[in-house]
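I opened the model today to look up a few contacts. My notes follow.

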Amino acid sequence: MDSEHKAFAALFMPHHISKGDALESGKFKFVHYTSAESAMHIIKNRQVCMRNAQCMNDFMELEHGHECLIQAYKSDPEGKKFQEIIESAHPGLLEDVTQMFDGWMPHLRNSVFIACLSEHPRDEDDYGRLSMWRAYGGDQSVALVLNNIPFLSDTSLLKVFSTPVIYQGVEDLRAEFG
């Protein structure tokens with residue numbers, strides 16, 4: 001990502017940039033907790049199956065994020081201030097972006113596919129995250145620790161993109177708009 005795009009992303013997606021910088025610096029790797037059988041399929045076939053977000057364990061996560069974003073965006077005074085700044089800098093842009101966002105949301109609900117990965121700090125190399133071991137894989141749980149390089153590559157060749165999940169509520173997003 002060139003410096004102009006990174007500055008733009010840092011303004012609108014600071015969490016994404018912060019996590020990307022931490023990943024690039026080697027503070028953590030990604031890990032995929034799964035069953036031994038699924039791990040063997042991943043290794044043998046050299047592919048990971050992704051699942052539609054509507055079919056996740058908690059399929060409402062996408063809706064929760066959308067609702068929090070809408071509430072924070074429409075809130076007084078943070079969301080309104082954010083809207084005023086955008087409109088004053090580029091008159092008409094706010095309406096265009098709002099229409100585009102509203103138009104894309106139905107498409108996103110049906111076309112977002114997810115592979116669940118967890119952060120894996122170095123101090124978890126021996127045992128991983130115990131809560132994740134219990135949640136996935138049954139009696140034969142394994143953790144696949146992944147190479148960071150593919151996640152840091154700046155390419156759209158596969159049309160697959162990764163972004164960190166933000167577990168926040170409306171108040172947190174209001175603070176972000178502020």
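Which residues does Asn148 touch, not counting residues up to four places away in sequence? I listed Leu23, Phe28, Lys29 and Phe30. I kept in mind that this is a predicted model.

**Entry 1: Asn148.** I placed Asn148 in the loop between strand E5 (141-146) and helix H8 (149-152). The relative accessible area of Asn148 is 9%. Buried means under 20%, so Asn148 counts as buried. I also looked for a polar partner. A polar atom of the Asn148 side chain lies 3.0 Å from the backbone oxygen of Phe28. Phe28 is also among the residues that Asn148 touches.

**Entry 2: helix H4.** I turned to H4, residues 61-74. I tested its length. At 1.5 Å a residue, its 14 residues should span 20 Å, and the end C-alpha atoms are 20 Å apart, so the two agree. Next I asked which H4 residues are buried. I noted Glu63, His66, Cys68, Ala72 and Tyr73. Their cover includes H5, helix H6 (93-111) and helix H9 (170-177).

**Entry 3: H4 against H5.** I followed one of those covering helices, H5 (residues 78-89). The axes of H4 and H5 come within 5 Å and cross at roughly 75°. Angles of 65 to 115 degrees count as roughly perpendicular, so I logged the pair that way. On the H4 side, I found Ala72, Tyr73 and Lys74 in the contact. On the H5 side, I found Gly79, Lys80, Phe82 and Gln83. By class, this contact has three nonpolar, two polar and two charged residues. Ala72 and Tyr73 meet H5, and both are on my buried list for H4.

Definitions and conventions:
Residues are numbered from 1 along each chain as its sequence is written. This is a predicted model: local features need pLDDT of at least 70, side-chain atom pairs count only at pLDDT 80 or more; totals for chains, interfaces and linings use all residues. Side-chain values use heavy atoms; hydrogens and water are left out. Axes are lines fitted to C-alpha atoms, for helices over the stretch in contact, and angles run from 0 to 180 degrees between N-to-C directions. Helices (H or I, at least four residues) and strands (E, at least two) are DSSP runs, numbered from the N terminus. Angles under 35 degrees count as roughly parallel, over 145 as roughly antiparallel, 65 to 115 as roughly perpendicular and the rest as oblique. Contact means heavy atoms within 4.5 Å. Ala, Val, Leu, Ile, Met, Phe, Trp, Tyr, Cys and Pro count as nonpolar, Asp, Glu, Lys and Arg as charged, and the others, Gly among them, as polar. Buried means under 20% relative accessible area, exposed over 50%, partly exposed in between (1.4 Å probe, protein chains only). A polar contact is a pair of N or O atoms within 3.5 Å; within protein, one must be able to donate a hydrogen and the other to accept it, and residues adjacent in sequence count only if both atoms are side-chain atoms. The expected span of a helix is 1.5 Å times one less than its number of residues.
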